[in-house]
Amino acid sequence: DGIDVEIVAGVTAELAISAILGAPLGHDHATISLSDLHTDWDLILKRVKAAAEGDLVTTFYNPRSRTRTHQLPDALAIMAEHRPPSTPVALVSHAERRQQQVIMSTLEEFKPEWCGMTTLVVVGSTTTKYVSS
């Protein structure tokens, strides 16, 4: 007498990490890739700035690789211009896999080197708070 669960392909990693973190994407939010392989870096920065100015919870994917190390620090610096240092920032690596890792931090304390290509980073809005049960 349990609940039948069916895995449906197509649920994005962003929705998975939102569930893991307790639904920080329940209201307006933005999703921004920090990979500049197919998108000009200046355009990505413009998108980050718009999300920051709009006070949107923002998920960054493709945040860091061996050769792309400045993108996430640059994006977080823009967010920090519009958010207090205590703003929640969380990462989930390898979502829903055996090696899943969750780190909950703040904008002030967050370390970009914690991230890799299998990581998604969520930066809260000015009203986002960590809640424990």
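In which loop is the place of Asp-55? Asp-55 sits in the loop between H2 and E2, where helices (H or I, at least four residues) and strands (E, at least two) are DSSP runs numbered from the N terminus.

This is a predicted model, in which local features need pLDDT of at least 70 and side-chain atom pairs count only at pLDDT 80 or more, while totals for chains, interfaces and linings use all residues. Residues are numbered from 1 along each chain as its sequence is written, and side-chain values use heavy atoms, with hydrogens and water left out.

View 1. Most residues other than glycine have a negative phi. Asp-55 counts as partly exposed because its relative accessibility is 29%, and His-94 counts as partly exposed at 22%; buried means under 20% relative accessible area, exposed over 50%, and partly exposed in between (1.4 Å probe, protein chains only).

**View 2. The largest nonpolar core, with 22 residues.** A nonpolar core is a set of buried Ala, Val, Leu, Ile, Met, Phe, Trp, Tyr and Cys residues joined through side-chain atoms within 4.5 Å. Among the residues with the most contacts inside this core are Leu-34, Val-48 and Phe-60, and the elements that give two or more residues to the core include helix H2 (41–53) and helix H3 (71–80). A second, separate core of eight residues includes Leu-25, Val-57, Val-92 and Val-122.

**View 3. Helix H1 (13–21) and the loop that lies between H1 and E1.** Glu-14, Ala-16, Ile-17, Ser-18 and Leu-21 are buried in H1, and the buried residues of this helix pack against E1, strand E2 (57–61), E3, strand E4 (101–106) and E5, contact meaning heavy atoms within 4.5 Å. Just after H1, Gly-22 takes a positive phi of about 100°. His-27, found in the loop between H1 and E1, counts as exposed because its relative accessibility is 64%.

**View 4. Strands E1 and E2, which run parallel.** Five bridges join E1 to E2, and two strands pair if DSSP finds at least two bridges between them. Thr-31 has Thr-59, in E2, as its bridge partner. The chain crosses from E1 through H2 to E2 in a right-handed β-α-β crossover; right-handed means that, with the strands pointing away from the viewer, the path from the first strand over the helix to the second runs clockwise.
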